[in-house]
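Here's a quick look around a protein chain for anyone meeting it for the first time. Take a moment with the picture, then read on.

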Amino acid sequence: MLAMPLAAAGVGFTGIVCLLVGLWMLMSYTSLLLVEVYQHNPANMGLGTVAKKYLGPAGQIVTGLSMLLLMYALTTAYIGGAGVLISDSLSSWWGVKISPSTAIILFTVVGGAVVTIGTHSVDFINRILFTAKTIFMVIMIFVMLPHAEAVNLSTMPIEKGLVLAAIPVIFTSFGFHGSVPSLVNYMNGDVRKLRMIFITGSAIPLVAYILWQIATLGSIPSNTFLGILAQESGLNGLLTAVRDVVANPRVNLAVSLFMDLALATSFLGVALGLFDYLADLFKRSNRFIGRIQTSLLTFVPPLLCALFYSSFVQALTYAAVALSVLALIIPALLTMRVRKVEAKGGYRVKGGTPVLTLILLCGVAVIAIQFSIVAGFLPNVG
């Protein structure tokens, strides 16, 4: 949500809304494909194990590498971004001076402890944080919307390539597929509840994303966003731009808290999925010692990366490569295979082989776009 205005700077409001709606439909559909697959398997079976069952060892390896790359990249992005924002917030509002590196470590320790305790603790704390975030978001959007101008929303991209270049970052906005196995297990494989969770659960942020785009793209000129990208000031630059718009100390505090909570809730969801996946991959026990071992595997690598790699937007962009495999290619291949080998009956997502083939092509397209960005054929929005 925080990287989105930066990625959308040269896309324009109309383009970003079309991307959001289209990618939401695509990602919601593939999450339902995973529900269809999981109904034939134990709810506590990891995605890598499911891939091995239907796609063989090669499928398990590809799924495992994609899951690790995606989860680690996202966790790195959220840890690094949270460190920057927490350091800035403490300095601006309470006069406490700590370095971003120290803030990164503190955030990782506290957030990691919550995840290590278990899914129920993440669920409980995330409900509280999400409620607070929603309140601050409503306040912020309510204050910023009067500053929105039609001329800003009607601005079109300077380069057509910027629309394609923004896709990897926007794509990760609905990248909840790494947490699907955890949710399936948490809901004991209840197909009806899982369908409702994935459709409504992804539709809620879609609405929030669109309102957020109206507030930010409408009130902040595109030249300001492009300046943030050119100076590589990232989230601090965005925070400064928003503060300049609202120019109210109390509202500025709400803005800072909203951004902090946005990263915290995203971090908890992704970290939980990574934790459960690593526990399944390395067969760690669910007892105290086993969970501590899994916690070290989960948080030490992204912590080290966050301390030495500072680009929040770039980390999200690279995560799109792994997500395209995990959320598009793997679900389509699994569904094709399940429909051949499993008995007919039960829940089945509408759409046959042509639709599944189209999803595979979408996954290949996202990967091609990302490699085009790395190679310099497309502009880099990060």
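The chain has 15 helices and 0 strands, where helices (H or I, at least four residues) and strands (E, at least two) are DSSP runs numbered from the N terminus. Keep in mind that this is a predicted model, in which local features need pLDDT of at least 70 and side-chain atom pairs count only at pLDDT 80 or more, while totals for chains, interfaces and linings use all residues. Residues are numbered from 1 along each chain as its sequence is written, and side-chain values use heavy atoms, with hydrogens and water left out.

Of the 382 residues in the chain, 53% are buried, meaning under 20% relative accessible area with a 1.4 Å probe, counting protein chains only.

| Residue | Relative accessible area |
|---|---|
| Q213 | 0% |
| A3 | 2% |

Q213 sits in helix α9, which covers residues 191-219. Setting aside neighbours within four places in sequence, Q213 touches M4, P5, A8, F13, I16, L20, L153 and G218.

And where is A3 found? A3 is in the segment before α1 (4-7). From C-alpha to C-alpha, A3 is 8.5 Å from I170, though 167 residues separate the pair in sequence.

Notes
Buried < 20%, exposed > 50% of the residue type's maximum accessible area, 1.4 Å probe, protein only. Contact = heavy atoms within 4.5 Å.
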